[in-house]
Amino acid sequence: MDFKDSDAEATYRAAARDWLDANIAEHDAGHYPDDMAKAKAWQARKAAGGYACITWPQEWGGGGGTPIESVIFGQEEARHAVDGSYFTIGLGMCVPTVMAYADDATKHRFVGPAVRGDEIWSQLFSEPAGGSDVAAIRTRAVRDGDDWVINGQKVWTSGAHYSDYGIVLVRTNPDVPKHQGLTMFWLDLKAPGIDIRPIHQMSGGSSFNEVWFEDVRISDAQRLGPIDGGWKVALFTLMNERLAIGTSGGVGPADILAFAAQANGTDGPLLKDAAFRQTLADWWVQSEGLRNTRMRTITALSKGQVPGPESSIGKIVAANQLQAIGNTAVEAGDQYGIISDPALTPLKGAFHAATMWAPGLRIAGGTDEILKNIIAERVLGLPGEIRVDKDQAFRDLPVGA
Amino acid sequence: MNFDYSDDQKFLKDEARKFLTAHCGSDRVRAVLDDPAKAYDVDLWRAVGAQGWLGAAIPEEFGGLALGHIELCAIAEELGRACAPIPFASTVYFVAEALMLYGSDAQKVRWLPRIAAGDVIGAFATSEGAGPVTARSIRTSVSAGKLTGEKIPVTDGDVADLIVVLARDGLYLVENGAGVTAEVLETLDPTRSAARLTFTDAPCEKLGTDDGIAAMQAVFDRAAVLLAFEQLGGADRCLEMAKGYALDRYAFGRQIGGYQAIKHKLADMYVKNELARSNAYYGAWALNAGAAELPLAAATARVAASDAYWFASKENIQTHGGMGFTWESDCHLYYRRSRQLALVAGSPAAWRERLVGQLEMRNAA
């Protein structure tokens with residue numbers, strides 16, 4: 001067990017740090033968040049330097065590096081105020097799926113521009129009737145000559161409003177059990193018949209969308225994998241999701257510790273309150289546990305092993321901790337805590353924002369409950385859920401609201 | 001960076017598991033549990049000594065194998081998994097570590113080879129009553145080279161040959177003999193013995209400096225990491241037992257492991273155990289590397305491991321239902337041991353407090 005960089009890792013880190021210092025200065029740092037033009041320019045600069053998609057082969061525009069190098073660069077990049085979140089879903093989930101299932105011409109057309117940040121991708125799986133039960137998809141694709149015609153609705157599509165392309169899972173055969181009648185395609189999100197409407201979240205913002213399809217015509221050449229074989233392709237995409245959605249951002253133990261040193265407790269600063277200190281210690285233990293678990297994941301990756309479901313653990317723990325830390329700081333304000341105006345609240349409203357954002361994080365990318373099922377079934381080998389819909393044709397399944 | 005056991009360490013751990021599976025089944029743990037006259041498993045203690053485990057982290061010049069502390073962590077994980085009823089922690093994690101930290105050359109030469117050989121059992125005597133050990137709670141004192149005071153509880157105090165005693169002005173080595181009387185205590189975990197030790201003008205020898213509390217804490221930091229691995233081994237075993245029972249037991253026409261109430265409970269156990277494992281690994285690195293991060297890493301490892309073992313041991317009983325509440329079920333062996341390990345180097349609450357204190361110091365620096 002060695003927590004320090006090896007000589008080679010230290011050399012890589014030093015080079016990455018030098019490159020970042022030189023390029024951030026030129027790039028005009030501090031575009032975080034919400035400045036897509038600058039985010040794209042930064043992504044292009046990283047691609048030119050071999051620091052975009054570090055673990056991908058160089059022939060596809062990647063850096064040809066190792067997982068550890070990718071982590072080291074991420075650690076160094078995180079010291080600067082740059083935002084790569086526009087590309088996370090595309091490069092973490094969609095483009096790997098395209099690389100695994102598309103023909104060579106399609107790969108050559110799309111992979112390079114995605115790596116350089118020229119084009120942004122979205123993932124269109126969830127539907128109003130298919131959240132945790134992703135395979136309950138109702139959006140239909142009907143064959144018409146060499147084309148397919150899509151009708152239906154997707155929901156909770158992150159970033160669809162600024163994306164160029166997407167991968168979409170649709171129902172191509174409703175006469176077989178639900179998992180057997182799905183097909184995956186890539187498509188142009190600017191195509192006629194696609195209507196993208198932002199969702200107004202309870203947190204006030206709009207990071208997600210509804211995407212409506214009305215007679216959207218796409219070519220059979222856009223198919224990823226076999227007809228009715230889309231579920232296997234979707235599992236490939238979702239396997240990558242676990243790696244893509246790792247950290248939650250937002251407030252952590254260090255933030256609330258700094259806050260508590262200033263905040264009024266019952267008798268002196270909140271940080272001197274015994275009950276608060278006990279809880280703070282538990283948050284620290286969780287955060288450190290996640291950080292060190294990621295190190296174990298990276299070690300496994302670097303040895304060529306397939307990482308386990310550690311990232312499922314990560315989201316359960318991080319999302320619940322975010323909710324608890326946010327709310328603890330809110331309640332610490334006593335009557336004043338109800339005020340959420342960033343001008344009047346600690347850390348410019350970050351604790352209040354965390355309180356309002358955390359419910360979404362506990363649901364997105366697999367709810368707490370689904371992730372616990374995944375751990376119980378895939379890691380511990382406990383029995384799967386009873387599936388009353390398993391052997392029935394999709395069209396015969398009962399539906400609710 | 002390599003955040004895992006090496007292949008050699010994995011081999012050692014596998015061998016330790018095989019050895020303990022053969023020599024420390026639950027029948028051996030129960031033999032100590034059920035016989036008040038048995039303080040520990042003497043045969044197992046000898047066998048473990050013959051394996052060289054007692055000297056795994058002791059330098060060769062003092063008769064050890066000098067494998068290192070990560071190797072000792074690997075052994076600890078397996079001892080915890082087996083609920084081994086021997087004075088290993090007292091002797092190795094506390095007394096040998098205290099000697100390696102603070103012993104003079106003469107003290108090391110005198111004691112460490114005998115510890116490594118299994119000829120000496122150690123005990124670490126700090127507590128004098130309920131509540132955390134502090135400078136104010138210590139009344140034991142030394143006058144003219146003689147130590148007087150009462151320590152309760154002292155794990156393995158009744159069978160120890162060498163006792164490291166916290167007095168007002170530092171740690172002292174006391175040989176169990178003249179001026180020392182032991183009264184065996186009834187505890188939550190009879191598979192580990194404990195005693196009230198009364199010292200009356202007992203001959204003693206200073207170990208280290210005058211700041212006894214700081215010395216105790218430095219020993220605790222090292223022991224905490226090693227104990228965390230025992231706790232982790234126990235917690236993982238609880239999860240295995242719960243999983244095994246959940247697959248074997250049928251209710252309402254199906255395996256109880258198919259119900260989400262059980263699945264989610266076991267998933268929660270898994271999450272806590274994995275976080276505890278990751279934090280224990282970091283503690284092992286800090287211990288082995290002699291890193292400045294050790295106090296914070298040790299506190300983090302200990303809080304995580306104590307929490308994980310408590311949760312796993314109590315929910316293992318719950319998963320077993322009525323069967324889990326019987327004496328014949330092994331569930332309570334782990335429940336009892338989780339209590340013993342969580343308290344032996346200070347309570348989880350005290351460690352949480354210490355952890356936050358370390359964070360404050362780090363922020364102030």
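Two strands are taken to pair if DSSP finds at least two bridges between them, strands (E, at least two residues) and helices (H or I, at least four) being DSSP runs numbered from the N terminus. The model is predicted: local features need pLDDT of at least 70, side-chain atom pairs count only at pLDDT 80 or more, and totals for chains, interfaces and linings use all residues. Residues are numbered from 1 along each chain as its sequence is written, with chains lettered from A and ligands numbered from 1 in the order in which they are written.

**View 1. Strand 5 of chain A and its partners.** Strand 5 of chain A runs antiparallel to strand 8 (residues 223-224) of chain A, with two bridges between them; Met184(A) has Leu224(A) as its bridge partner. Strand 4 (residues 165-171) of chain A is also antiparallel to strand 5, through seven bridges, and Val170(A) is partnered with Thr183(A). Six of the seven residues of strand 5 (residues 182-188) are buried (20 or more other C-beta atoms within 10 Å of a residue's own, C-beta atoms being placed from the backbone).

**View 2. The side of chain A that touches chain B.** Here 35 residues of chain A are in contact with 33 residues of chain B (C-beta atoms, placed from the backbone, within 7 Å). Helix 8 (274-302), helix 9 (310-332) and helix 11 (368-379) of chain A each supply at least two residues of this side. Helix 8 of chain A provides the largest share, 14 residues.

**View 3. Surroundings of Val165(B).** Among the residues that Val165(B) touches are Ala125(B), Leu147(B), Tyr172(B) and Phe199(B), not counting residues up to four places away in sequence.

Technical notes
Buried ≥ 20, exposed ≤ 12 C-beta atoms within 10 Å, placed from the backbone. Contact = placed C-beta atoms within 7 Å.
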